[in-house]
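Biologist: I would like to learn how to read a few features of a model. Please take them one at a time.

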Amino acid sequence: MIFERASAVKIRGMRFLASLKSPFSRLAVAAIALTLTAGCEVGSPPPADGSTSVAEIQGAGHRSPLEGQEIEVAGVVTGHLPAAGGRDGGVWIESPTPDDNLATSEGLFLLTDERPAIGRLVTTRGQVVEVERRRGSTVTALQVSASAGASAFELGGELELPPPQRLGAGGREIPATSVDADPGSFDPASDARDLYESLEGMRVVVNDPVLVGPTSRHGDIAVVADGGRGAGARSARDGVMVSEDDPQPERMVVSSWRMGRMPAFDVGTRFPGPIEGILDFDFGAYRMLPTGLPDPDRASRRVDVAGESTRLFGDETAMTVASFNVLNLHPRSGSDKMQRLARTVVDSLGAPDIVGLQEIQDDSGPEDDGTTTSARTLAALADAVVEAGGPRYEALWLDPVDGADGGAPGANIRNAFLYDPARVQPIRRGSGGRANDRSPRIEGRGAAVSISPLPARLLGPAFDREGPGAHRSATRKPLIGGFRFAGRDVYVIVVHLRSKRADDALFGDEQPPQRRSEPQRIEQARAVHSLVARWLDAAPDLPVIVLGDFNEVPGRAPLQELEEGGVLTNLMDRLPADERYSFNFQGVSQLLDHVFVSPALAADGVAAIDAVHVASDRAADDQPSDHDPLIARFELGR
């Protein structure tokens with residue numbers, strides 16, 4: 001069930017826990033330190049003499065106008081936040097006598113080891129600070145002053161908790177498309193970032209929530225209010241989809257990471273009542289820390305997100321090629337993960353002829369012991385595919401230089417191929433060792449490159465740490481392989497472009513957010529484009545496929561670089577608009593994985609494409625990976 005409570009309801013302690021019907025809800029709420037208990041007896045507000053109001057401390061802006069000052073403040077305690085993960089805990093208070101300025105929050109976080117009772121009126125002193133959180137997040141707080149052996153709080157009576165502020169219809173409407181159009185001004189009516197800041201630390205409520213971000217590994221979900229009314233473009237499974245013009249700022253992240261284990265919920269889940277909690281700011285996103293965790297037994301779903309499978313299969317004249325980011329796979333990932341991945345390859349993708357894999361780790365996983373080979377990792381996955389009823393795949397990869405390719409430290413993440421030798425045969429020419437620096441060579445109209453697999457260094461320095469530009473990072477190197485099917489040679493390039501980890505968060509203090517990693521992705525895309533263009537200059541009919549995790553959404557410069565001059569065509573553009581996604585981040589369904597093809601494969605009737613949504617809409621506990629796989633079918637034997 002959804003933990004529902006109006007501020008006037010008079011229930012306390014064990015009477016409240018006993019009222020919960022679900023045993024899970026009783027257990028979860030009992031373990032949650034952030035318990036917003038209503039039903040306190042009505043008392044009198046504190047005298048104003050000598051105190052600074054919460055609204056004055058918060059001010060109409062993203063940083064307190066009183067930062068660094070020592071002040072006294074009074075308010076009613078609305079919640080406790082336990083210390084966790086090396087971060088300080090504390091309590092929230094809210095003013096019992098709010099002003100009439102909607103631009104100033106009435107809630108404040110107090111950094112303190114003490115835990116006055118929920119509903120207790122307190123007065124305290126301390127220094128106004130901006131607490132640094134993750135990814136450019138700061139929260140206005142009071143560093144409570146405490147004397148040895150004495151309480152830092154003067155306790156007053158008990159008050160009813162202030163009513164929560166409604167987000168959405170009938171309350172504070174969230175701007176639909178603007179995060180912060182004018183960072184130089186503070187306008188909660190127009191900019192979502194400013195609206196959320198004006199509610200920082202306050203109790204808020206979302207009515208008729210629809211889940212658009214599944215339960216993550218960190219215990220987050222994301223919802224939109226009012227059954228999704230007014231939300232932007234929607235996916236086929238009730239998610240919200242990002243675009244250049246609409247970052248979907250109306251989604252609300254709901255986080256339980258300091259409170260208890262969030263149940264496993266999929267995209268499209270609907271709850272029978274509101275979600276209520278305190279609005280916090282962390283990891284670059286405003287997020288609600290909820291009063292109670294939703295009850296999975298009372299949730300419903302309009303669309304089933306489990307069990308999707310493709311309708312694209314190979315035959316004597318058609319070859320199938322898939323792309324799959326398998327989320328840091330190594331031999332110690334566990335049999336459950338291996339089996340899920342294998343079942344996805346066999347049952348959901350129909351055992352493609354070639355699978356281009358991203359995020360394959362070395363055989364010791366994240367242990368930094370000098371291991372670079374991934375033979376055991378890929379053998380374990382191939383064995384799991386056989387156990388799932390699939391073919392006996394063989395693997396093709398190149399070992400990276402130890403510690404030179406980015407990703408998890410010590411893991412030596414690389415791209416790899418699995419291929420079905422009964423269907424396709426790899427083209428092996430020369431050595432593709434990592435130290436080989438020969439240039440690719442086109443030999444006759446058959447357009448066979450001189451080496452396969454091709455060393456990534458032939459693409460230049462775009463994937464290395466060294467080179468021009470700030471924020472440059474070593475990145476997983478592309479893997480370039482040739483395969484023969486139905487008498488034709490096809491060249492496949494698996495890429496995993498530079499991640500967005502260095503970019504500013506959407507709601508972070510740096511506005512507008514800087515895409516610091518994008519220049520390197522542009523350079524990487526340009527290098528791949530240049531290589532393919534050279535091949536096509538010598539052999540215009542050469543079949544080339546470039547696929548993988550591009551860490552970029554449609555319309556951005558890196559993808560435009562690949563299509564420059566008609567060298568490559570993005571097959572994902574052929575999907576229905578509500579199917580163009582492969583990843584979900586903080587409640588936004590977005591397309592980061594792509595399949596590009598050369599003109600020979602882009603012709604009418606040759607290629608078909610499918611995004612198989614088995615991961616991004618599902619709770620982390622039920623995902624085979626965090627990316628949806630893609631599969632394409634190519635008619636080559638005509």
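Biologist: Is Thr 371 buried, partly exposed or exposed?

Modeller: Start with the kind of model: it is predicted, so local features need pLDDT of at least 70 and side-chain atom pairs count only at pLDDT 80 or more, while totals for chains, interfaces and linings use all residues. Residues are numbered from 1 along each chain as its sequence is written, and side-chain values use heavy atoms, with hydrogens and water left out. Buried means under 20% relative accessible area, exposed over 50%, and partly exposed in between, with a 1.4 Å probe and protein chains only. Thr 371, at 22% relative accessibility, is partly exposed.

Biologist: Where is Thr 371 placed, and which residues does it touch beyond four places in sequence?

Modeller: Thr 371 is in the loop between β18 and α6; helices (H or I, at least four residues) and strands (E, at least two) are DSSP runs, numbered from the N terminus. Contact means heavy atoms within 4.5 Å. Leaving out residues up to four places away, Thr 371 touches Asp 362, Asp 363, Ser 364, Asp 402 and Asn 412.

Biologist: What is the phi of Asn 412?

Modeller: Most residues other than glycine have a negative phi, and most peptide bonds are trans. Asn 412 has a positive phi, near 50°. Asn 412 lies in the loop between β19 (394-397) and β20 (414-419) and is buried, with a relative accessible area of 3%. Glu 359 also has a positive phi, about 65°; this residue is in strand β18 (residues 354-360) and is buried at 13%.

Biologist: Which peptide bond is cis, with omega near -5°?

Modeller: The bond from Gln 511 to Pro 512 is cis. Pro 512 is in the loop between β23 (488-496) and α7 (518-538).

Biologist: How do the axes of α5 and α6 cross?

Modeller: Two packed helices are described by the angle between their axes and the distance between the axes. Axes are lines fitted to C-alpha atoms, for helices over the stretch in contact, and angles run from 0 to 180 degrees between N-to-C directions. The axes of α5 (residues 335-348) and α6 (residues 375-387) come within 8 Å and cross at roughly 60°. That makes α5 oblique to α6; angles under 35 degrees count as roughly parallel, over 145 as roughly antiparallel, 65 to 115 as roughly perpendicular and the rest as oblique.

Biologist: Which residues make the contact between α5 and α6?

Modeller: Among them are Met 338 and Leu 341 of α5, and Thr 377 and Ala 380 of α6.
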